[in-house]
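This briefing concerns the structure shown below. Please keep the sequence and the model in view while reading.

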Amino acid sequence: MPRMVSARKPENLVYTVKRLLSYMGRHRISLLLVALLVVISVTCNLLGTYMISPVIDSLVSGGGMAELVEGVAITAVIYAAGVLASLGYSQIMAASSQQIVYDIRKDLFSHMQTLPIRFFDMNQHGDVMSYYTNDVDTISDALNNSFTAVIKNGIQIIGTMTMLIILNWRLSLIVAFSYALMFFYVRFSASHSKKYYKKHQASLGSLDGYIQEMTAGQKVIKVFNHEEENQKGFREKNGELREMGTSAQSYASTMIPAVVSISFLTYTIVSLAGGFMVLFSLTSFGALASYLVFVRQATAPINQFTQQSNFLLSSLAGAERIFALIDKESENDEGNVTLEKTENGSWNWNDGGNRIPLRGDVRFNDVTFSYVKGHPVLTDVSLYAKPGQKIAFVGSTGAGKTTITNLINRFYDVDEGQILFDGIDVRRIRKADLRHSLAMVLQDTHLFTGTIRENIRYGRLEASDEEVEKAAVTANADSFIRRLPEGYDTMVVSDGANLSSGQRQLIAIARAAVADPPVLILDEATSNIDTRTEDLIEKGMDRLMEGRTVFVIAHRLSTVRNADAILVLEGGRIIERGSHDDLIAQRGRYYDLYTGLFELS
């Protein structure tokens with residue numbers, strides 16, 4: 001039995017159906033077998049009903065027990081064949097539908113891995129998850145229920161009308177008028193209800209996103225006593241979803257009662273008219289009995305069509321959302337410069353056969369960038385980081401510090417100017433190779449479900465156990481890891497909920513260490529580490545940064561005192577550059593920040 005859902009009509013019905021059929025076409029043999037078995041099942045049902053006429057007429061005309069047994073036996077065999085066919089197509093369809101959904105979900109996830117960071121920045125995680133839950137589930141349910149239902153009901157309507165005409169064409173005129181009346185009402189109801197369907201799926205995704213956001217932020221919610229406000233927000237979104245569902249069903253919910261009422265009225269009229277025809281010998285008693293059973297059966301496929309109509313629209317709307325996401329342009333990567341490892345273990349850039357040593361020389365030349373066109377975040381930024389230098393960025397929130405690191409990774413591309421990596425424009429470097437030369441430790445650490453060893457090895461999947469443990473030693477994470485019950489094989493759950501913030505950060509630093517990159521980016525990497533832990537890892541971090549180009553973003557100015565150059569950003573521009581001593585001597589903005597005359601906001 002399909003789920004009761006409120007649907008919205010897809011904007012491009014033909015395109016969506018074609019795309020869905022292309023997935024179904026991958027399993028055409030099994031689906032053709034399903035269709036064949038459905039035809040056999042419906043045909044057996046029609047023939048079984050028709051057998052009522054000769055069996056009853058045989059009894060009325062004085063036929064013996066042998067004829068009765070023979071007629072009943074034939075009818076039983078016909079129905080048994082229909083049951084076996086029904087069992088067969090239901091099992092095959094269950095397996096086929098899951099395989100089709102598997103293909104859709106696989107393509108969806110594979111394509112999502114190619115989407116740019118901008119997509120994930122602009123969409124709620126809950127809404128993204130709804131593609132895999134609400135939308136995929138509606139397709140799964142539709143394939144399980146609606147595919148066979150459409151074939152079965154279509155054949156049954158045609159077959160039933162054919163049998164009705166064969167048995168009594170006069171009475172069939174009444175049934176045909178009843179059919180026309182039912183279809184007219186169904187179309188009338190659908191045309192008035194479909195305008196309410198468009199926003200339902202979007203409202204559902206919005207509610208999912210809100211729930212996901214509130215679930216993830218429970219600590220903050222409880223600290224600031226925002227439970228009532230959150231309930232208010234949930235009620236608003238839940239109320240909006242309820243209104244969409246109610247409006248969508250207001251007309252649709254009358255379809256089945258109307259069809260049933262018309263079918264009962266039709267059955268009554270046909271029974272009375274048929275009775276008079278038997279009295280005047282215009283038809284046989286057996287034919288009328290069989291005819292009335294067909295009349296009762298005639299409304300069943302129409303009822304199922306009305307039940308399936310909104311559900312099919314909802315499924316196609318979900319499919320449209322999925323295909324729209326699959327059709328989104330993948331992350332643009334026009335780079336052709338690749339990274340290759342030499343026999344002695346060093347790395348070179350391969351620029352059309354020209355080998356350039358990977359040294360970690362990074363330069364910004366008059367870079368301007370905006371997330372939203374017309375609102376620049378960085379304006380004419382120029383900077384350089386020579387191989388092995390440690391460059392620190394300080395400044396107010398929103399000054400553009402993290403944006404600079406996003407551009408180095410090519411999470412976003414510059415609007416104007418250029419970024420050079422070892423003299424090569426980063427837009428010419430293949431993104432996978434560029435990011436292979438970098439490691440990044442973020443302020444908000446993310447650990448995956450798995451062991452601590454597996455989370456550290458995420459930085460370089462081919463790293464040995466010895467290299468993993470060596471990286472942990474470098475980050476000074478080895479000591480606390482070995483004190484855990486299972487050591488390196490301790491499972492990490494719920495994004496590291498069983499570890500402290502500092503421990504999660506140390507694992508993230510070890511993950512960067514095992515990657516062994518020439519360029520290291522630390523975005524508030526020690527913000528979640530207490531002072532004692534920070535002191536413990538300072539030497540380890542120095543070892544990690546040795547010989548590498550390092551970009552550091554920090555609010556704790558004490559952590560960047562030993563940087564080769566400190567860049568002070570304000571309003572998307574670099575307003576000061578120099579060593580700690582130089583900037584203190586200038587008595588400018590950095591001096592104000594360091595001495596507390598001006599606070600970072």
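The model is predicted.

- Strand E12 (residues 519-523) and strand E13 (residues 549-553) run parallel and are joined by 5 bridges.
- Leucine 522 stands opposite valine 552 in E13.

- The ring centres of phenylalanine 393 and phenylalanine 551 are 6.0 Å apart, with the planes at 5°, so the pair is stacked.
- Because phenylalanine 393 lies in strand E6 (residues 390-395) and phenylalanine 551 in strand E13, the pair ties together parts that are 158 residues apart in sequence.
- Phenylalanine 393 counts as buried at 0% relative accessibility, and phenylalanine 551 is buried with a relative accessible area of 0%.

**A stacked pair between loops**
- The rings of phenylalanine 448 and tyrosine 458 are also stacked, because their centres lie 4.4 Å apart and their planes are at 25°.
- Phenylalanine 448 is in the loop between E9 and strand E10 (450-451), while tyrosine 458 is in the loop between helix H15 (452-457) and helix H16 (465-474). The two residues are 10 residues apart.
- Phenylalanine 448 is partly exposed, with a relative accessible area of 32%; tyrosine 458 is partly exposed at 47% relative accessibility.

- Threonine 403 is found in helix H13 (residues 401-408).
- With a relative accessibility of 6%, threonine 403 counts as buried.
- Leaving aside residues up to four places away in sequence, threonine 403 touches Phe369, Tyr371, Val377 and Leu378.
- Phe369 and Tyr371 form one aromatic cluster with Tyr412.

**Charges over rings**
- The charged end of arginine 321 sits over the ring of tyrosine 131, 4.4 Å from the ring centre.
- Arginine 577 lies over the face of tyrosine 384, at 4.0 Å from the ring centre.

Technical notes:
Residues numbered from 1 in each chain as written. Predicted model: local features only at pLDDT ≥ 70, side-chain atom pairs only at ≥ 80, totals over all residues. Heavy atoms only, no water. Pairing = 2+ DSSP bridges. Helix = DSSP H or I, 4+ residues; strand = E, 2+ residues; numbered from the N terminus. Buried < 20%, exposed > 50% of the residue type's maximum accessible area, 1.4 Å probe, protein only. Contact = heavy atoms within 4.5 Å. Phe/Tyr/Trp six-rings, centres within 6.5 Å; stacked < 30°, edge-to-face > 60°. Lys NZ or Arg CZ within 6 Å of the ring centre and 35° of its normal.
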